[in-house]
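Please have the viewer open as you read.

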Amino acid sequence: MLLILVSAAALLQSTLSSSAPLIVPGSGAPMAENGIWALLPADCAAPTSLDISTWDKCSQPLGFVDDQVAVLERPGPGKRAKADQFYSIARTHYAAAAGVQPSDPEVVQIDVPMVFSHTFLYLAVTPKSVAGGRFEDAQAWPVACLAQSDGGCTATTLAQVQGAAIPSPTDAARLYRLMRVTAAAVETALPAAPTSPSASPITPAPIEQQPLPPVPTKPPG
């Protein structure tokens with residue numbers, strides 16, 4: 001389903017996860033400012049426009065609105081994105097918790113709906129600056145698997161996740177820049193978007209009017 005910081009398949013193989021949420025929404029840790037964002041691996045050029053068709057292929061377009069994060073569709077060949085029209089191809093909830101020490105990274109929990117359940121992935125985030133409980137630029141990395149005899153990557157407590165989040169990786173391939181992309185005279189709040197890439201463009205609307213679809217439940221018996 002999501003990244004937030006690479007593909008879900010890659011995250012599930014190398015990132016700490018849990019079968020139940022370990023972070024309560026509204027825990028008070030800084031959150032991403034609402035708007036259009038780019039997830040950038042090392043040596044990937046920072047976007048300078050909200051037209052995501054002009055972004056380097058190494059960048060991943062994202063959108064943040066309150067406690068939701070969306071992976072945005074990249075326009076196909078010959079198509080240009082409009083600064084006020086975006087399409088989400090995956091959208092989910094996230095929550096954040098502060099580190100144990102002020103110098104520790106905060107931990108971000110991403111809810112990844114599965115067929116009959118949810119998996120929660122964890123990322124470490126260090127904002128460059130915070131204003132009003134929000135940030136617009138940060139360094140991030142997937143929280144590494146716990147050192148267990150069975151090689152597992154499952155956490156059962158927030159303390160385990162916080163401990164595994166430090167220190168930052170020495171491998172540059174696991175470090176990402178997470179930055180909000182703005183442009184003069186362009187509204188950067190993420191409009192509610194259809195989950196189908198083929199849907200028609202829509203006008204901005206509060207995301208509360210576009211709830212996430214319910215996760216299917218296994219039929220009895």
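This is a predicted model: local features need pLDDT of at least 70, side-chain atom pairs count only at pLDDT 80 or more; totals for chains, interfaces and linings use all residues.

Residues are numbered from 1 along each chain as its sequence is written, and side-chain values use heavy atoms, with hydrogens and water left out.

**The cavity**
- Searching the whole structure turns up one cavity of 30 Å³ or more, and the volume of the largest cavity is about 60 Å³.
- Here a cavity is a set of points, on a 1 Å grid over the protein atoms alone, where a 1.4 Å probe fits but cannot get out; lining residues have an atom within 4 Å of a point.
- Grid points are joined across faces, edges and corners, and a volume is the space filled by probe spheres set on the points.
- Its lining has 11 residues, and Phe64, Tyr94, Val108, Phe135 and Leu178 are the closest to the centre.

**Ala95**
- Ala95 sits in strand S6 (residues 88-97), where strands are DSSP runs (E, at least two residues) numbered from the N terminus.
- Ala95 counts as buried because its relative accessibility is 5%, buried meaning under 20% relative accessible area (1.4 Å probe, protein chains only).
- Beyond neighbours within four places in sequence, Ala95 is in contact (heavy atoms within 4.5 Å) with Ile23, Pro25, Val107, Val108 and Gln109.

**Thr15**
- Thr15 counts as buried, at 1% relative accessibility.
- Leaving out neighbours within four places in sequence, Thr15 is in contact with Tyr122, Pro142, Val143, Cys145 and Cys153.

How values were computed. On a 1 Å grid over the protein atoms alone, a cavity is a set of points where a 1.4 Å probe fits but cannot get out, and a pocket is an open set with protein on both sides within 12 Å along at least five of seven lines; lining residues have an atom within 4 Å of a point. Helices (H or I, at least four residues) and strands (E, at least two) are DSSP runs, numbered from the N terminus. Buried means under 20% relative accessible area, exposed over 50%, partly exposed in between (1.4 Å probe, protein chains only).
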